[in-house]
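Biologist: I'd like a close look at a single part of this one, please. Pick a spot, give me enough of the overall layout to find my way there, and then walk me through the neighbourhood.

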Amino acid sequence: GAAEARFIVNNPFSKAQHDLALGSLPGGNTRTLLHTSPFPLCMKQGKEAYVWDLDGHKYVDFVGELSAGLLGHTHPQIQSTITRALTETGLSLGATTPHEHAFAAELCARFRLDRVRMTNSGTEANLHALAGARRFTGRRRVVVFSGGYHGAVLSFPDGAPAENTVDRDDFVVVPRYNDLSLACSVIRGVEDLAAVLVEPMQGAGGCVAGGKEFLLGVREAAREKGAVFVLDEVQTSRLTPGGLGTEMGLDPDLVTLGKYVGGGLAFGAFGGREDVMRVYDPRVPGSLAHSGTFNNNTLAMCVATTVLADVYMPEVCVKFNEKGDQFRERLNKVARGSRLSFTGRGSLIGLHFTEDGTEEITCGEDIKEKLRPDLRDLFWFEMLEAGFWLTRRGIIAMILVTPDQELDRFVDAVREFLERHRGIM
Ligand code: PLP
């Protein structure tokens, strides 16, 4: 429509860059999610809580690197840690270092893990957690939930493993998140069950929070089967000081982490019960190997220590997520009575355009038939024009250093959008 036509006119340099990229990347793309039609905006710079595109537009960054960019683009403490690590330590040293030991201790204390191991991504963290669970139990299969996203090769968007999911036949997908009796009956029925893997709030699935009763019940069902309960906190660990599992008393056997903890660098980790993690103890004959050239790279280890110990301390985390809750409430107030609604928890917000503006969304299946992607796309184009960089899908991952006035400005922009299009909202 008209909004898309304006987008094309307003972004000639992004378009030219995309055309160039078509010559070396399939579809000009190396991260599927970042492809948007008719072409993606190409960013050239990030500073604090803002990004600038090739055509010189400045945006408030609400993508927040899909929750990994929590600290913004140029946080002074992260910059100084990186500089110190580069000048005093050097890059990967091909050896264990005190940096990784200091960080591991910090991670264990913060997220109540007995033992932990580092990886380079949340995807890897989940793959290794599942491998550990399989070794520990001597079993193979894994129960996951529809709408669950656990990484590039571990996603279950519509009640089935996505086509690129590894070992697809080993996964059993519970067809609805947040449905405890359904989850229990599926878990009880699975033979050879090694693990149950669940997000305490589905992130990519639309910021749909899991109920406490549901999550506790899933844990119990997993335990009754002697399976390992793996909590994917790659996104949710930012929502409370020790992650949602700690806050909700879920007592998971294994936890997976990633995203913001790495301060913007490639990062992941998995850890939990000592007896389960012992399958990775190299002193034990026949233990599982978990290698990775960059698992303990000095940059990530030093930066991640700074993130937890000096920047995103528990009190900062609590305040920031309270601000997120208030922001979401204001947005929902503005949107009430329209087809737009906002879900999530704390600093993670999902926006949904549905036929009836349902606010009560407990799983993707609640709204599947009612989605209005046409309105979502219109919103995306017009928010760009108002200076807000969002994911097309409609997830806002707030950034710690975003000025309050920008949040106010967004609330106003949403109100004006809904008024401008009153007839179809
Ligand atoms: N688990 C969850 C819940 C995620 O949201 C993501 C990333 O979006 C991952 C795992 C995968 O992490 P990464 O992209 O670092 O591989």
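Modeller: A quick definition before the tour: when I speak of domains, their bounds come from an automatic or database domain assignment. Keep in mind too that this is a predicted model. For this chain, the assignment gives domain 1, made of 2-70 + 318-424, and domain 2, which covers 76-311. Their C-alpha centres sit 27 Å apart. Where the two touch, domain 1 puts in 21 residues and domain 2 puts in 21 residues. On the domain 1 side of that contact, helix 11 (314-335), strand 15 (340-345) and strand 16 (348-353) each bring at least two residues. Strand 16 gives the most to that side, with 4 residues.

Now the overall layout. The chain has 13 helices and 18 strands. Its radius of gyration is 22 Å, close to the 22 Å that the globule rule gives for 425 residues, so the chain is as compact as a globular protein of that length. Along the principal axes, the C-alpha atoms fill a box of roughly 65 × 55 × 45 Å. Of the 425 residues, 48% count as buried. Among contacts with a separation of 6 or more, 70% are between residues 24 or more positions apart.

Just past the end of helix 7, Gly226 takes a positive phi of about 70°.

Strand 9 has strand 12 (residues 228-232) as a parallel partner, joined by 4 bridges. In that pair, Ala195 has Val228 of strand 12 as its bridge partner. Strand 9 also runs parallel to strand 5 (residues 141-145), with 3 bridges between them. There, Val143 stands opposite Val196 of strand 9.

An open sheet is formed by 4 strands in the order 1-2-3-17, with mixed pairing. Its edges are strand 1 (43-47) and strand 17 (388-389), each of which pairs on one side only. Strand 1 pairs with strand 2 (residues 50-53) in the antiparallel sense, over 4 bridges. In this pair, Gln45 stands opposite Trp52 of strand 2.

Gly262 is in the loop between strand 13 (254-258) and strand 14 (268-272). Even so, Gly262 counts as buried, because it has 23 other C-beta atoms within 10 Å and the cut-off is 20 or more. Beyond residues up to four places away in sequence, Gly262 touches Ala68, Phe267, Ala300, Val303 and Ala304. Take Ala68 from that list: Gly262 and Ala68 are 194 residues apart in sequence, yet 7.7 Å apart in space, C-alpha to C-alpha.

The other one is Phe353, which takes us back to strand 16. Phe353 is buried as well, with 23 other C-beta atoms within 10 Å. Setting aside neighbours within four places in sequence, its contacts are Arg339, Leu340, Leu371, Arg372, Leu375, Arg376 and Phe379. Gly268 makes a handy reference point: Phe353 and Gly268 are 85 residues apart in sequence and 32 Å apart in space, C-alpha to C-alpha.

How values were computed:
Residues numbered from 1 in each chain as written. Predicted model: local features only at pLDDT ≥ 70, side-chain atom pairs only at ≥ 80, totals over all residues. Pairing = 2+ DSSP bridges. Rg over C-alpha atoms; globule rule 2.2 N^0.38 Å. Buried ≥ 20, exposed ≤ 12 C-beta atoms within 10 Å, placed from the backbone. Contact = placed C-beta atoms within 7 Å.
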